[in-house]
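Please open the model in a viewer and keep the selection tool at hand. The tour goes from stop to stop, saying what to select and what is there.

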Amino acid sequence: MPTVALTSSEPATLAADALVIGAVSVDGVATLVRDHGLPRKAATHISSGLQTLGATGKAEEVTGFVAVPGVKAKRVLVVGLGKGTPATAPTSPEVLRRAAGAVTRTLSKKAAVALALPTTSAEAVAAVAEGAYAGSYAIRKLTAKDPAEPKVERIEVVTSLSDAALAKRVEVLGAARAWAQDLVNTPPNLLFPQSFAEQVTEKVAETKAKVTVEVLDEKALAKGGFGGILAVGQGSSRKPRLVTMTYKPRGAKASVGLVGKGITFDSGGLCIKPPTGMVTMKCDMAGAAAVAATVIAAAQLKLPVAVTGYLCLAENMPSAEAYRPSDVVTMRGGKTVEVLNTDAEGRMVMADGLALASESHPDAIIDIATLTGAQMIALGNRVAAVMANEDSLRELIAAMGTEAGEPMWPMPLPEDLRATLDTPNADIAHKGDQFGGMLTAGIFLSEFIGAPKSGKDDERIPWAHVDIAGPAWNDKAPWGHTPKGATGFGVAGLLSVLESYA
Ligand code: BES
Ligand code: MN
Ligand code: ZN
């Protein structure tokens with residue numbers, strides 16, 4: 001994992017494999033931003049080179065130079081920042097985060113990289129470092145010959161700011177996100193409920209995070225009445241698990257429950273998916289991966305907030321033992337649910353997780369899940385949806401996620417859709433009409449949220465639901481700091497939300 005440091009040294013004097021500076025696009029021509037800090041002869045050399053090469057300065061364009069006069073680094077990489085003027089380069093943290101990631105994505109072999117990009121705030125400095133870290137993610141190829149080598153070994157951000165806590169936070173967040181990506185990228189023959197639970201236990205030990213891990217196996221799940229997780233998991237030979245990760249610092253200012261969908265493979269079950277829809281379904285545990293990584297990060301950063309993560313792990317498979325459409329399942333807490341489509345399995349496992357999270361009456365519950373195809377239809381592949389039973393929590397999460405580089409957009413839970421879940425056969429059906437499918441799924445989940453500790457029976461614990469079906473996985477070309485495959489979406493946003501409670 002790369003190390004992160006801030007430095008106030010002259011960029012030209014830094015011994016790095018790559019020194020990164022920024023260029024803006026002025027009338028379609030790449031123009032160096034003014035505060036690159038390089039000696040004049042270096043800047044002249046690079047500027048004329050940019051012209052010769054026809055660089056435009058558009059966002060994420062990377063142009064490389066070697067043997068730049070007066071510069072110690074082996075290479076100078078100029079990254080485009082988009083339209084702007086050389087004096088007032090775009091310093092929005094998001095532009096910088098993506099630019100830094102676009103550069104480190106092109107590196108290889110444990111590079112030492114120094115970034116001298118135009119930053120005018122601590123947020124901007126953090127964004128540069130975060131983007132550089134995330135862009136360095138290398139997928140772990142499963143061959144003996146080719147072990148994963150991080151593309152970057154050392155990240156230095158040039159700034160007059162000195163802030164050890166900032167660098168440490170970038171390291172913790174970066175490693176947590178990369179671990180979540182590793183879990184999601186792991187093929188589903190190797191990552192299943194039991195092995196997922198083992199990986200969590202191992203990671204907690206390895207990071208020495210003050211987190212306790214409790215794993216419920218299928219027998220314990222039956223004893224605890226977790227009907228939803230058991231129903232989904234019963235079709236697979238690899239039985240379901242519910243993992244509870246507890247971080248409980250002394251003097252915690254608040255308590256938050258995080259619940260993650262952990263379907264290690266979603267075939268659809270008896271309502272089997274077509275092959276094209278199935279091939280990416282190892283990503284269906286991305287919510288649980290984000291929760292696990294966030295709990296560990298919160299503990300490593302010693303946030304004064306109690307955080308409990310609930311990972312609802314099952315494999316959704318068709319078999320002679322699989323659950324069926326029209327089954328009625330008794331969930332944790334006693335509600336009965338009529339199953340209508342075995343491919344709507346996420347809400348079944350999440351409902352048990354939410355019911356369990358409610359039992360300890362935290363100040364807030366946030367769930368995160370690759371829950372519905374409707375989420376992608378509504379918001380595409382880069383923006384998640386947030387629904388909540390409280391306006392302020394929904395707005396908080398949408399704002400924190402977006403600021404952290406994970407765009408999240410508020411969505412409603414329209415009351416009239418509740419009636420589409422009515423059924424004569426059980427307390428509630430688990431799916432309604434096709435239209436508004438993301439919202440109905442949210443409404444279904446809301447039914448499993450309990451009352452606050454000292455609240456009346458009809459009050460509810462503040463709860464929000466984040467649907468990441470689109471942004472959890474990148475099928476397309478890499479962009480910004482986002483590689484192909486698992487994105488680690490959710491870790492940065494959830495960590496920011498937890499910090500806002502601290
Ligand atoms: N895991 C899928 C949702 C999904 C689809 C995530 C594509 C990421 C990419 C979920 O379990 C599912 O199959 N949902 C169904 C629900 C429907 C049967 C009510 C869907 O959205 O089609
Ligand atoms: Mn499904
Ligand atoms: Zn699913």
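The stops below cover a metal site, a sheet and the nonpolar cores.

This is a predicted model, in which local features need pLDDT of at least 70, side-chain atom pairs count only at pLDDT 80 or more, and totals for chains, interfaces and linings use all residues. Residues are numbered from 1 along each chain as its sequence is written, chains are lettered from A and ligands numbered from 1 in the order in which they are written, and side-chain values use heavy atoms, with hydrogens and water left out.

**Stop 1: the metal site**

Select the manganese ion (ligand 2), together with D266, D343 and E345, which coordinate it at 2.1 to 2.2 Å. D343 contributes both its O and its OD. Donors here are N, O and S atoms within 2.8 Å of the metal (3.2 Å for Na, K and Ca); water is not among the atoms, so sites may look incomplete. The donor residues follow the spacing D-x76-D-x1-E.

D266 is in strand 10 (residues 255–266), while E345 is 79 residues away in the loop between strand 13 (336–338) and helix 10 (346–359). Helices (H or I, at least four residues) and strands (E, at least two) are DSSP runs, numbered from the N terminus.

Are D266 and E345 buried or exposed? D266 counts as buried at 3% relative accessibility, and E345 counts as buried at 0%. Buried means under 20% relative accessible area, exposed over 50%, partly exposed in between (1.4 Å probe, protein chains only).

**Stop 2**

Eight of them form an open sheet of mixed pairing, in the order 8-9-11-10-14-18-15-16; two strands pair if DSSP finds at least two bridges between them. Strand 8 (212–216) and strand 16 (408–410) are at the edges with a single partner strand each, so one side of each has no neighbour in the sheet.

Select strand 14 (residues 364–369) and strand 18 (residues 463–467), which run parallel and are joined by five bridges. I368 has V466 in strand 18 as its bridge partner.

**Stop 2: the cores**

Select F196, M245, L258, L311, I397 and V466, which touch the most other members of the largest nonpolar core, a set of 63 residues. Such a core is a set of buried Ala, Val, Leu, Ile, Met, Phe, Trp, Tyr and Cys residues joined through side-chain atoms within 4.5 Å. Helix 9 (residues 286–300) supplies the largest share of this core, 12 residues. Finally, V337, A351, M387 and M438 are among the members of a second, separate core of 44 residues.
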